[in-house]
Amino acid sequence: MEITSSAALWFLPFALPLCAYTIYTDLAFMRITNVTVIALAAVFVLIGPITLPFDSYLWHLLAMVVALVVGIFMNAGGLMGAGDAKFIAAATPFIALGDVRFVMALFMATLVAAYIIHRAAKYSPLRKLAPQWVSWHEAKKFPMGLALGTVLAAYLMLGAYFGA
């Protein structure tokens, strides 16, 4: 992994609760809140200069802007929700450039697993643990925050352990 263990360890205690909250709010309300996304971006903006060389930090910020613009267009085209697009933009700068392929593979595997687990829980007695969750009642929409939050949290945990 290209992310350094040091950078992952700096980001992890701040990003992990935000990832968990994203998962919860998307499952419960089918919504990723703006406050959560802004907080995640703020974590990178504030911690990034401590953990990354300044030129690399600026490139990561540019990646966040590019991801936001792409996400806006994808949302306008009906390909993803606005919260998903904003979360992806806020999470993008945490990913080291050399780890992009790994993160894409991790996302694909996590998305499939999240879909199967969510749908299995939806039709099982587990649903009774949180019967009010909006995501149980959606026929066509899927709470992508479940996969997105899991991927960022897993990437940072793996980076903390296996990072450069």
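Here are some questions and answers about how terms are applied to this predicted model.

User: What should I know before we start?

Analyst: This is a predicted model, where local features need pLDDT of at least 70, side-chain atom pairs count only at pLDDT 80 or more, and totals for chains, interfaces and linings use all residues. Residues are numbered from 1 along each chain as its sequence is written, and side-chain values use heavy atoms, leaving out hydrogens and water.

User: Why is threonine 110 called buried?

Analyst: Buried means under 20% relative accessible area, exposed over 50%, and partly exposed in between, with a 1.4 Å probe and protein chains only. Threonine 110 has a relative accessible area of 13%, so it is buried.

User: Where is threonine 110 placed, and what does it touch beyond four places in sequence?

Analyst: Its place is in helix α5; helices are DSSP runs of H or I with at least four residues, numbered from the N terminus. Threonine 110 touches Ala147, Thr150 and Val151, not counting residues up to four places away in sequence. Contact here means heavy atoms within 4.5 Å.

User: What makes helix α4 mostly covered?

Analyst: Seven of the 10 residues in α4 (residues 82-91) are buried, among them Phe87 and Ala89. Their cover includes α1 (5-29), α2 (34-51), α3 (54-76) and α6 (145-162).

User: Which residues touch the most other members of the largest nonpolar core?

Analyst: They are Phe11, Leu40, Phe87, Leu152, Tyr155 and Leu156, out of 45 residues. Such a core is a set of buried Ala, Val, Leu, Ile, Met, Phe, Trp, Tyr and Cys residues joined through side-chain atoms within 4.5 Å.

Definitions and conventions: Helices (H or I, at least four residues) and strands (E, at least two) are DSSP runs, numbered from the N terminus.
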